[in-house]
Amino acid sequence: MTELWSRVEPLLAHVERPTRYIDSEFGVRRRPDASYRAALLYPDTYELGMANQALAILYDILNGIDDVAAERAFLPAKDMAAAMRAADVPLFTLETVRAVRDCDLLGITLPYELTCTNILEALDMAGIPLYASERGGSDTLVIGGGPCAFNPEPVADFFDAVLVGEGEAAVAEIVAAHRAALADGCTRAETLRRLAQVPGVYVPSLYAPASEGAPAHPREGAPAKVTKRVVADLGAYRSPTCPIVPFMDVVHDRANIEVLRGCTRGCRFCQAGMIYRPVRERSADAIVRDALAQLKCTGQEELSLTSLSTTDHSQIEEVLRRLSHALRGRAVSIGLPSLRVDSFGVAMARLVGEGARGGLTFAPEAGTQRLRDVINKNVTEEDLLATVRTAFEGGWRRLKLYFMLGLPTETDDDIRGIGSLVNKVLAVAREATPPAQRGGMRIAVSVSTFVPKAHTPFQWEGQLTLEQVRERQRILRESMPRKGVELHWHDAEVSFLEGALARGGRDLARVIERAWRSGGGFDAWTEHFVLRRWLDAFAAEGIDPVSLASRSRELDAPLPWDHIDSGVARAYLAKERARALEGVVTPDCSFEECTACGVCSSLGVDVVLAGDHRG
Amino acid sequence: MADATYRLRVTYAKTGRLRYLSHLEVVHACERAVRRAGLEYAVTQGFNPRMKIAFGPALPVGTAGNAEAYDVWLTRFVAPDDALKTLRNATPEGLAPAEARYVGEREGSLAAIMTLADYEVSVEVPDMGPGSLAEALGDVIASGSLELEHKGAIKAYDLATCLPEGARVREETGGSVVSLTVRMGAWGSLRPEALLREALRRAGAPDAPVAVTRTNLRPEEACTTRG
């Protein structure tokens, strides 16, 4: 294995932001003599990938295994990719600047449907055959994992294996199985058969894909269903205390402590809320200990307490009091990524001194109570207005509201409801703000298109077509206040493609390959996204993306992800769908009684609260 | 600032791969090193309090530095050698601090007093003798001014002002090394690489790789308030 730095360095004078490629950050682990090497690739640029907490956790765990080295790899930006191709430099790992294809294992994060072309670009730059079926004995083992593993089918052909669920325990088992197979001189086929026996590991080549009429079918001893891995007690794994400190101004450039995992608020559109169940909180002691340790080790000036619903933590007030006391006078700020729409949320934000500088973000998601009940978003107009009043009276001047268009059962009245709700918010905010300060008010409304996702109660629903989205955007625009609000749209074309990819099957691999070959890449970046390229690729493969995204599925029809088991029962999802259509809400089992989603019983886990109760 | 503070001047190098850092990235990395070192730093007043720290003139991406500097205001006195030791342990190797000493509160800012910068530029042109490079460089300097494009605007540098001590060229294996001193001021800071590019263009080797190192920063007058 050769060190490629002498061939990388001459390229750096001619590319933007060379910091992406130089490694050398504080906290980097370098184990050049390890006999087993894993590359961890985030399929986007350094500044996005370094924000990924899962990679930081896996980097820590893998580098803690005897004789194993884990190194980072990212997709180079387009200028660097062109320079590398011209100079015949393969995709390399940052730490020891060696070719990714010389690693034993390549782990690729599956963060978002639209990174699929980046995966092909990375494999191609690495010199690894794109399709698992084309890889031979000595080729790097390519394993995926992340949220998109819950419908892995569109990218399944590119992976030797996919880990479904949480990686803390599973990655060590995967590495152990692979090392044993290497030591035993197994063929690739035998290696894959062995990997399929590791719980949570899906080996696509061992399954005949699902079709319209039939579910995916296992062979060669692979399990009928691949059940997600879940860590019963987060306390068994400390948050990384010395993660890498980037030089570059990356996304979420801060110390991150995961305070809890999972959210059972039960929003019916939310895939994260279904696939990361159950709720497991870390204890206040562990959070404060790890947060202070990480700040000390990294020297970061900002701490973020991350999770899907941080202010739901049963000891959050205690945590914030202790942390703000410990950090007083050190110019270290504490951030809460998501806030409850109630006075408690605002009180927590005030506790960390966010009042003067930051803005507040709330997500009512829908404009009418009827539709909020359909999606189980337990927020009322009174809650929202009271919270906004408290916030603006308390000195906040910036507010961001998130809504979605195209939720199931949405009518024109629901859309106009967004406009009228925003009007009311604006009026309350103005009223609560002294006249002299009203010039500093900033109210932003961000509207995305609902994309139905696998393993949610809305997995059978159709997505709006592009024409419908544009019509509804027009209605919304007319209902919005003329002045005082900044309105942002999520790109409807991007959402359309996301919808087509999110619920597709194995046959999408050829579409993705075509889109990539015709110049696709960085499709998640608006400036690089070209819908035409995708429409042509779908057409060439004879697949109708509009049908994939917009048709409703029969409740009893096989779905491409049926063999992937999130622990949440399909029957529960169907029941939640029925309740949605009746407008009946379902409570949160971490606050109230069990709602029988099936996760705890089928996976042998339970809700873990650090305090006595939530409230 | 009501409380007493101690102004610690840290001299450091920007070398190896870290020469590809931008100035902002260097600033950020040094701030974090101060935090990691556990030094008790002063904090600015206002809505968005920050560490009180001030840097010398910026170095561009790709340019190394042997004697860069920042001042950081501490709220608790630490013996300079101890401060240096903790900072060295807390700083990535390519930004290693070399010296730490306290300076008077009245001394001007690093950016204001350090107006002369010495550079060494290595030029990789094996088959071009130092004579022809020196000649080309001499021609550029003799022309009196250099116009450079930066972010769409043309900026003219008066070379007599910018290069108070001219430039010297010596031969080394594989190419030449150019030594020069740049004077910085309200007009900005001439980038040695841009000057060398122009000379290399005239000498017929426009794409020759160059490596720039700022070897020293110093005040214009020989007599200053050092120490």
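A:Ala347 is partly exposed, because 14 other C-beta atoms lie within 10 Å of its own. A:Ala347 sits in helix 11 of chain A, residues 343-351. Helices (H or I, at least four residues) and strands (E, at least two) are DSSP runs, numbered from the N terminus. A:Thr390 is 43 residues away from A:Ala347 along the chain, and their C-alpha atoms are separated by 9.0 Å.

This is a predicted model: local features need pLDDT of at least 70, side-chain atom pairs count only at pLDDT 80 or more, and totals for chains, interfaces and linings use all residues. Residues are numbered from 1 along each chain as its sequence is written, while chains are lettered from A and ligands numbered from 1 in the order in which they are written.

Now take chain A as a whole. Chain A has 21 helices and 19 strands. Its radius of gyration is 24 Å, close to the 25 Å that the globule rule gives for 615 residues, so chain A is as compact as a globular protein of that length. That radius is taken over C-alpha atoms, and the rule is 2.2 Å times the number of residues to the power 0.38. Along the principal axes, the C-alpha atoms of chain A fill a box of roughly 70 × 60 × 50 Å. Of the 615 residues in chain A, 52% are buried. Two residues are in contact if their C-beta atoms, placed from the backbone, lie within 7 Å. Among contacts in chain A with a separation of 6 or more, 77% join residues 24 or more positions apart.

Next, zoom in on strand 3 of chain A. Strand 3 spans residues 105-109, and five of its five residues are buried. Both of its faces are covered. On one side are A:Leu105, A:Gly107 and A:Thr109; on the other are A:Leu106 and A:Ile108.

Which strands pair with strand 3 of chain A? Strand 1 (residues 36-42) pairs with strand 3 in the parallel sense over four bridges. Two strands pair if DSSP finds at least two bridges between them. Here A:Leu40 stands opposite A:Gly107. Strand 4 (residues 141-145) also pairs with strand 3 in the parallel sense, over five bridges. In this pairing, A:Leu141 is the bridge partner of A:Leu105. From strand 3, the chain crosses through helix 5 (residues 116-126) to strand 4, in a right-handed β-α-β crossover. Right-handed means that, with the strands pointing away from the viewer, the path from the first strand over the helix to the second runs clockwise.

Turn to chain B. Its domain assignment gives domain 1 (6-112) and domain 2 (115-218). Such bounds come from an automatic or database domain assignment. The contact between these domains takes 10 residues from each. On the domain 1 side, six are nonpolar, four polar and none charged. Here Ala, Val, Leu, Ile, Met, Phe, Trp, Tyr, Cys and Pro count as nonpolar, Asp, Glu, Lys and Arg as charged, and the others, Gly among them, as polar. The centres of the two domains, taken over C-alpha atoms, are 28 Å apart.

Is B:Arg76 buried or exposed? B:Arg76 counts as exposed, because it has 11 C-beta neighbours inside 10 Å. B:Arg76 lies in the loop between strand 3 (64-74) and helix 2 (80-90) of chain B.

Finally, the two chains meet. Their contact takes 21 residues from chain B and 21 residues from chain A. The chain B side has 12 nonpolar, three polar and six charged residues.

Methods: A residue is buried if 20 or more other C-beta atoms lie within 10 Å of its own, exposed if 12 or fewer, and partly exposed in between; C-beta atoms are placed from the backbone.
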